[in-house]
Amino acid sequence: MLEVKSVTKKFGGVIANQDVSFTIEENQIVGLIGPNGAGKSTLFNMISSIFPPTTGEIFFLGTRIDQMPAFKVAPLGISRTFQNLQVFKNMTLIENVMVGQHIQTKTSILGAALLLPSSRKEEKVMYEEAMKYLQFVGLDSLYNHKAGSLALGKLRLLELARALATKPKLLLLDEIAAGLNHKETQEMSELIKKVRDTGVTVFVVEHDMDLVMSICDKIIVLDQGMKIAEGTPKEIQTNEAVITAYLGTDIDEEKEEVIGS
Ligand SMILES: Nc1ncnc2c1ncn2[C@@H]1O[C@H](COP(=O)(O)OP(=O)(O)O)[C@@H](O)[C@H]1O
Ligand SMILES: [Mg+2]
């Protein structure tokens with residue numbers, strides 16, 4: 001479904017990704033892990049065409065997408081959530097999801113927000129669909145609340161609902177469980193599996209090792225921009241290069257998670 005071929009991304013002197021290659025098969029949950037600054041978000045940004053690679057190629061369902069603008073890539077069936085939430089706090093939950101529906105055809109989230117439909121009939125259909133996605137993530141009873149009134153856990157669910165509203169074939173989740181408590185993280189794991197069971201392929205960047213290890217079919221590990229390992233959760237847990245990469249960071253939480261797993 002997705003093929004990343006020898007992708008390198010440079011920001012001035014910083015090499016954020018170096019010669020990264022891998023594929024993602026349809027209907028899998030694939031994890032992307034690595035210490036902070038490893039280049040995970042940069043890779044997501046290239047797959048969602050926020051910026052192009054410096055060199056290399058990315059194919060989605062056989063179409064080369066790395067030189068396409070984001071507004072052409074999204075309708076092919078790629079959607080994402082952002083590490084730093086992109087929720088409109090002054091809009092209601094249902095309005096936020098309806099913005100997602102517009103992204104199918106419009107260039108940006110902001111552009112979409114400004115272009116909410118004028119046609120009442122179209123709006124009714126969209127409204128009902130949006131409710132379905134809120135229901136899917138368990139936020140339907142709050143549909144009329146302002147997004148700004150939600151705690152982080154529910155905001156992340158809202159981002160997920162909005163990303164799903166674009167009806168993606170491939171969903172990129174960038175640290176969707178960051179800041180969530182244990183219970184919320186477990187619920188998010190279940191939800192991600194439920195998303196996959198509806199036929200959506202999921203590519204997930206996540207620091208929570210329990211989540212990654214329990215839901216992923218395959219894990220790709222980046223360190224300092226380079227892919228250092230790829231395999232099943234079991235293979236990754238015992239991979240020397242992976243353990244070294246995590247021990248080499250100064251993030252205590254990450255060390256403990258790897259050692260403890
Ligand atoms: N837009 C950007 N401009 C300049 N440097 C960037 C940009 N995005 C990321 N970087 C740099 O690229 C490296 C990888 O960052 P990132 O992909 O955000 O890592 P991760 O998501 O794995 O923590 C870092 O050194 C970061 O500072
Ligand atoms: Mg990141």
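The following is a working chat about a predicted model and its ligand.

Colleague: What should I know about the model before we begin?
Modeller: This is a predicted model, in which local features need pLDDT of at least 70, side-chain atom pairs count only at pLDDT 80 or more, and totals for chains, interfaces and linings use all residues. Residues are numbered from 1 along each chain as its sequence is written, chains are lettered from A and ligands numbered from 1 in the order in which they are written, and side-chain values use heavy atoms, with hydrogens and water left out.

Colleague: Which residues surround ligand 1?
Modeller: The shell consists of Phe11, Val14, Ala16, Pro35, Asn36, Gly37, Ala38, Gly39, Lys40, Ser41 and Thr42. A residue is counted as near the ligand if one of its heavy atoms lies within 4 Å of it.

Colleague: What is the make-up of that shell by class?
Modeller: There are five nonpolar, five polar and one charged residues. Here Ala, Val, Leu, Ile, Met, Phe, Trp, Tyr, Cys and Pro count as nonpolar, Asp, Glu, Lys and Arg as charged, and the others, Gly among them, as polar.

Colleague: Which element gives the most to the shell?
Modeller: Helix α1 does, with three residues. Both β2 (14-24) and α1 (40-47) supply at least two residues each. Helices (H or I, at least four residues) and strands (E, at least two) are DSSP runs, numbered from the N terminus.

Colleague: Which polar side-chain atoms lie by an oxygen atom of ligand 1, and at what distance?
Modeller: One belongs to lysine 40, at 2.8 Å from a ligand oxygen, and another belongs to threonine 42, at 2.6 Å.

Colleague: How much of the accessible area of ligand 1 does the protein cover?
Modeller: It covers 60% of the 560 Å² that ligand 1 has on its own. Accessible areas come from the Shrake-Rupley method with a 1.4 Å probe, and for residues only the protein chains shown count as cover.

Colleague: Turning to the helices, how many residues of α6 are buried?
Modeller: Eleven of the 13 are buried, so α6 is largely enclosed by the rest of the structure. Among them are Gly153, Leu155, Arg156 and Glu159. Buried means under 20% relative accessible area, exposed over 50%, and partly exposed in between, with a 1.4 Å probe and protein chains only.

Colleague: What is the span of that helix?
Modeller: The end C-alpha atoms of α6 (residues 152-164) are 18 Å apart, which agrees with the 18 Å that its 13 residues should span at 1.5 Å a residue. The expected span is 1.5 Å times one less than the number of residues.

Colleague: And where do the buried residues of α2 fall, seen down its axis?
Modeller: In helix α2 (residues 70-77), the buried residues are Val73, Ala74 and Gly77. They fall within an arc of 105 degrees, so they line one face of the helix. The arc is that of the directions from the helix axis to the C-beta atoms. An α-helix has 3.6 residues a turn, so residues three or four places apart point the same way.

Colleague: What is found at the start of α7?
Modeller: A side-chain oxygen of asparagine 181 reaches to within 3.1 Å of the backbone nitrogen of lysine 183. Just after α7, glycine 199 takes a positive phi of about 100 degrees.

Colleague: Which residue other than glycine has a phi near 55 degrees?
Modeller: That is glutamate 175, in the loop between β7 (170-174) and α7 (182-197). It counts as buried, at 8% relative accessibility. Serine 6 also has a positive phi, of about 45 degrees, although it is not a glycine. Serine 6 sits in strand β1 (residues 2-11) and is partly exposed, with a relative accessible area of 36%.

Colleague: Last topic: is isoleucine 236 buried or exposed?
Modeller: Isoleucine 236 is buried, with a relative accessible area of 3%. Its place is in helix α9 (residues 233-237), and its C-alpha atom is separated by 8.2 Å from that of valine 221, 15 residues apart along the chain.

Key: A polar contact is a pair of N or O atoms within 3.5 Å; within protein, one must be able to donate a hydrogen and the other to accept it, and residues adjacent in sequence count only if both atoms are side-chain atoms.
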